[in-house]
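The following exercises concern a two-chain protein model. Please examine the sequence and the structure before reading the solutions.

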Amino acid sequence: MTNAFGSVLELLTRQRGVRSSLIVSETDGLIVDATLRFGEDGDRVAALAASLYRKARLSAAAARLGDVGFLQLDAEQGRICAVGGRNDLVLMVVAEPTANVGLIRVELLKALEAIS
Amino acid sequence: MSSDIQRWSDELARNPASLAFIDLGEALRRDGQIEVAFRIARRGLDRHPANVEAHNLMARVAVDRKDLVSAAEEWQMVLRLAPDHVGALKGLGFICYQEGRLEDAERYLNHAASRGGGPSVTAALDSIRRTSGELSTATVEALAPSDPQWLFADLLVDAEQTSLLLDESGYVLGGLYLDADGTDLAHEIGAQLSGISDEAVRATRHLGIGDWKSIVFETEIASVAMAPTSNKGLLVVAASRATPLGLLRRLLDQCAARATRWLHDGATR
């Protein structure tokens, strides 16, 4: 880890069941910083997650629901959780299906405060 | 064109002042030709502004067009002309129920029941009294029969809950998406969400975490949950921020089961 976001990502990755954590620019889908599992293509994960988050934000805007905060995608063998809404940065984690999402959500929101 | 539509169309062509427009409009809306039905109803109302069934037709077409405000106005007009009109009482009862005005809904349905509204109205009243507003599927379907926009109505017990079923292209198949002002945003939401399934599929495939099952996100004033459907479409459920996420997920599961059944029934009809 090479920059100021490192400690935030480290805290996220320590959560039980978290495989990877990333800070991504929502606008262009590029990684700002990340802790990844060996062999994982962070660039692609970041781009896909940013795109998902952007779509959620656009749909919320269309529904006049305001800014998007926490987002969670559940799949058969894993989860993606993300928070954003401030200064273009989206924090996201990839987790096991057994991970405690409630706890991850709290830590993501805390981490968002820390980097804002 | 169905034989009914052809028959009533011919009748109206022979005699433009006839009341055949009512049957024609009804046949058109049942055939899914909502905008044509709307024009026929409007033209008929211009000629027959005091005709009760013309206003009733316009109200039904307004519901098809997801314009609940106009539908309520037309049914109110029906009641001014014919205070015991059962169709208008049922329609207003249903709109009030949709808006969470359960006392008003009960009042209209009581009135309809006293005028021979039938077992569907009695069952709706029983359900409202017994379960604080939760209507059975059969009851809701009886009150608002063939309109897919009411597909999830009995599952959404809070006025701030809303649900929408989209096809693969983002077109609305069923349900409603009302904002706080009662405006239907279904098509805007559908357009915005089209493609989100593809994004989810790509993300989960790349990560090797299997098929995606749901997406939940929180906004400043609501929580939104989505799930894929059996026709590669998307189910969307939204509720106020006060609704716990766990409860929202249960609601999503219930709506998903309903959507699956409805899609299956539609495929086998």
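**Exercise 1: A covered strand in chain B**

Strand 1 (residues 162-166) of chain B is mostly covered, with 5 of its 5 residues buried; buried means under 20% relative accessible area, exposed over 50% and partly exposed in between, with a 1.4 Å probe and protein chains only. The model is predicted: local features need pLDDT of at least 70, side-chain atom pairs count only at pLDDT 80 or more, and totals for chains, interfaces and linings use all residues. Residues are numbered from 1 along each chain as its sequence is written, chains are lettered from A and ligands numbered from 1 in the order in which they are written, and side-chain values use heavy atoms, with hydrogens and water left out.

Task: State which residues lie on each face of strand 1 of chain B, and identify the strands of chain B that pair with strand 1.

Solution.

Step 1. In a regular strand the side chains alternate between the two faces of the sheet. Here Thr162(B), Leu164(B) and Leu166(B) are on one side, Ser163(B) and Leu165(B) are on the other, and all are buried.

Step 2. Strands are DSSP runs of E of at least two residues, helices are runs of H or I of at least four, and both are numbered from the N terminus. Two strands pair if DSSP finds at least two bridges between them. Strand 1 of chain B pairs with strand 5 (residues 234-240) of chain B in the antiparallel sense over 5 bridges; there, Ala238(B) is the bridge partner of Thr162(B).

Step 3. Strand 2 (residues 172-176) of chain B also runs antiparallel to strand 1 of chain B, joined to it by 4 bridges. Within this pairing, Leu165(B) stands opposite Gly174(B). The two strands form a hairpin with 5 residues between them, and Gly170(B) in the turn has a positive phi of about 90°.

**Exercise 2: The interface**

Task: Describe the interface of chain A and chain B by its contacts, its buried area and its strand pairing.

Solution.

Step 1. With contact taken as heavy atoms within 4.5 Å, 34 residues of chain A touch 36 residues of chain B.

Step 2. The buried area is about 3,000 Å², of which carbon and sulfur atoms give 60%. This is the accessible area (1.4 Å probe) that two parts lose on being put together, summed over both.

Step 3. Strand 3 of chain A and strand 3 (residues 212-219) of chain B pair in the antiparallel sense over 6 bridges. Gln72(A) stands opposite Val216(B) in this pairing.

Step 4. There are 2 salt bridges between the chains, each a side-chain nitrogen of Lys or Arg within 4 Å of a carboxyl oxygen of Asp or Glu. One of them joins Asp74(A) to Arg249(B), with the closest N and O atoms 2.9 Å apart.

**Exercise 3: Salt bridges within each chain**

Task: Determine where the partners of Arg57(A) and Arg30(B) lie, and whether each residue is buried or exposed.

Solution.

Step 1. Arg57(A) forms a salt bridge with Glu26(A), the closest N and O atoms being 2.6 Å apart. The pair links distant parts of the chain, 31 residues apart: Arg57(A) is in helix 2 of chain A, and Glu26(A) is in the loop between strand 1 (18-25) and strand 2 (31-35) of chain A. Arg57(A) is partly exposed at 31% relative accessibility, whereas Glu26(A) is buried at 7%.

Step 2. Glu26(B) forms a salt bridge with Arg30(B), at 3.1 Å between the closest N and O atoms. Both lie in helix 2 (residues 20-30) of chain B, 4 residues apart, about one turn of the helix. Glu26(B) is buried at 17% relative accessible area, and Arg30(B) is exposed at 59%.
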